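Hello,

Please find the structure we discussed below. My notes on it follow.

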Amino acid sequence: MVINVHAGHNVNGGAVGYVSESVEDRHIKDAVIKYLRQNGHTVYDCTVDNAGSQNANLTQIVAKCNAHHVDLDVSIHLNAGAADKDEHTTGTEVYIYNPFDVTNAIANRICKKIEALGYCNRGVKVNRSLYVLRKTKAPALLIECFFVDDENDVDVYKRTGADTFGKTIAEAIVNKTITSQTTNKKPLEVANTKSDGNNTFMVKVIVDALNIRRGPSINNSIVGCITDKGAYTIVDTNGSWGRLKSGAGWINTSSAYCKRI
Ligand SMILES: [Zn+2]
């Protein structure tokens with residue numbers, strides 16, 4: 001495929017929360033482009049860093065996009081307006097202009113794959129007013145990756161890293177797994193992992209949703225959620241908390257949430 005990819009806003013534009021949209025959307029954009037190119041696709045970076053205004057930024061992005069004959073235009077943004085205090089991510093959504101072109105299936109795959117990283121899936125939304133969707137010639141989609149002002153969203157992003165986040169989007173676009181060495185992947189941050197035991201055992205989750213936390217207490221941030229009532233291997237304990245063998249984090253293994261098996 002031939003694909004245009006751009007990050008939204010000027011370098012100092014965009015939303016600001018726990019992270020800055022215009023900083024992180026560029027990191028994610030770079031990874032999307034890297035993995036699409038590694039997979040043999042032709043990609044044009046249509047990002048505009050320093051237009052005079054937000055409107056000028058949009059006009060120049062569209063001019064860059066329409067200078068190439070492509071199969072798809074991809075716009076990468078981060079969302080804002082969550083500002084909630086709950087324990088769940090607000091999540092990801094993808095805007096498309098035409099539900100009857102290729103973007104519908106691609107956007108659905110993007111939502112599902114980002115959901116698998118630990119985000120709430122807000123789904124695919126048809127929008128005929130967004131400028132880049134309206135003015136670009138090729139089929140276009142706009143990804144609102146996650147909310148910069150929801151701490152849960154940003155925690156998942158920090159754990160995932162921009163490189164893996166971008167790879168996830170690239171794989172959704174091309175609809176296959178991209179096998180290549182993941183460079184500069186951020187290491188998993190697991191804080192406060194002082195243990196009081198070192199026994200391995202298995203538990204079955206008995207509640208519909210069990211939070212995975214960065215460390216062994218509710219004071220640690222949420223980095224994921226188990227929703228399959230599945231069996232999990234614990235490789236370390238701290239009080240009633242157990243560290244998942246997968247490295248994803250810690251869960252409360254007390255009998256209210258889990259059964260030893
Ligand atoms: Zn934006």
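Domain 1 and domain 2 bury about 610 Å² between them, with 41% of that area on carbon and sulfur atoms; buried area here is the accessible area (1.4 Å probe) that two parts lose on being put together, summed over both. Of what domain 1 buries against domain 2, Glu87, Asp155 and Arg159 supply 72%, more than any other three residues. This is a predicted model, in which local features need pLDDT of at least 70 and side-chain atom pairs count only at pLDDT 80 or more, while totals for chains, interfaces and linings use all residues. Residues are numbered from 1 along each chain as its sequence is written, and side-chain values use heavy atoms, with hydrogens and water left out.

The domain assignment gives domain 1 as 2-174 and domain 2 as 201-260; such bounds come from an automatic or database domain assignment. Their centres, taken over C-alpha atoms, are 32 Å apart. Five residues of domain 1 are in contact with seven of domain 2 (contact means heavy atoms within 4.5 Å).

One salt bridge is counted between the two domains, the term meaning a side-chain nitrogen of Lys or Arg within 4 Å of a carboxyl oxygen of Asp or Glu. Glu87 forms a salt bridge with Arg213, and the closest N and O atoms are 3.0 Å apart.

Now the metal site. The zinc ion has His9 (NE2), Glu21 (OE) and His77 (ND1) as protein donors, 2.1 Å from it. Donors are N, O and S atoms within 2.8 Å of the metal (3.2 Å for Na, K and Ca), and water is not among the atoms, so sites may look incomplete. Along the chain the donors follow the spacing H-x11-E-x55-H. His9 lies in the loop between β1 (2-7) and α1 (21-38), and His77 in strand β3 (residues 72-79), so the pair, 68 residues apart, links distant parts of the chain. Helices (H or I, at least four residues) and strands (E, at least two) are DSSP runs, numbered from the N terminus.

His9 counts as buried because its relative accessibility is 13%, and His77 is buried at 11%. Buried means under 20% relative accessible area, exposed over 50%, and partly exposed in between (1.4 Å probe, protein chains only).

Finally, Thr160 sits in helix α5 (residues 151-160) and is buried, with a relative accessible area of 8%. Leaving aside neighbours within four places in sequence, Thr160 is in contact with Leu117 and Phe165.

Regards
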